[in-house]
Amino acid sequence: MTVKPAGDTKGGPAGGLPELRQGRAVSADLRGLAVAAVVERGWSAAAAARYFGLGAASVRNWVRRFRERGHVRPDRQGGSASRIEPERERIFRILEARPAISVRKLRDALAAEGPVFDVSTVQRFLKRHGLERDHRLAHLRRQRKGRR
């Protein structure tokens with residue numbers, strides 16, 4: 001084993017993994033290796049963190065997550081609760097009754113009975129649930145009505 005100079009806390013001994021930059025995402029494989037070193041081999045979280053070039057707090061969090069959940073996958077990040085999701089059943093009812101409704105008409109129908117949403121919010125909801133509207137067809141329908 002190679003002796004490291006005092007104060008050198010990043011990177012592992014010879015044969016360890018290369019030094020990782022701070023703030024970079026860590027793969028599930030590397031997380032698993034660090035957790036296995038702690039859980040199966042009895043290493044301390046700090047020792048595993050030094051060896052694999054990781055933060056000790058991160059390794060402790062992954063070990064806790066592994067013991068609680070049985071995996072080390074990262075949690076979903078960012079975002080906030082969608083305001084439109086609670087209206088899901090109402091949206092589905094409207095779409096069932098009027099399958100060819102445009103996004104704007106759907107937004108107006110929602111606003112008539114409850115909260116008002118922007119068109120882009122309704123579009124994202126429809127896309128998320130695989131119910132996207134074909135904008136080109138709606139545009140063509142409007143043009144045809146104008147010709148008659």
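1. Of the chain's 148 residues, 26% are buried (under 20% relative accessible area, with a 1.4 Å probe and protein chains only). The model is predicted, so local features need pLDDT of at least 70 and side-chain atom pairs pLDDT 80 or more, while totals for chains, interfaces and linings use all residues. Residues are numbered from 1 along each chain as its sequence is written, and side-chain values use heavy atoms, without hydrogens or water.

2. The accessible surface is about 10800 Å², and carbon and sulfur atoms hold 50% of that area (Shrake-Rupley method, 1.4 Å probe).

3. Helices are DSSP runs of H or I with at least four residues, strands are runs of E with at least two, and numbering starts at the N terminus.

4. Among contacts with a separation of 6 or more, 48% join residues 24 or more positions apart (contact: heavy atoms within 4.5 Å).

5. Helix α4 (residues 88-97) packs against helix α5 (residues 103-113) at about 125 degrees, with the axes 11 Å apart. Axes are fitted to C-alpha atoms over the stretch in contact, and angles run from 0 to 180 degrees between N-to-C directions.

6. On the α4 side, R90, I91, I94 and L95 meet L106, A109, L110 and E113 of α5. By class, this contact has six nonpolar, no polar and two charged residues; Ala, Leu and Ile are among those counted as nonpolar, and Glu and Arg among the charged.

Definitions and conventions
Buried means under 20% relative accessible area, exposed over 50%, partly exposed in between (1.4 Å probe, protein chains only).
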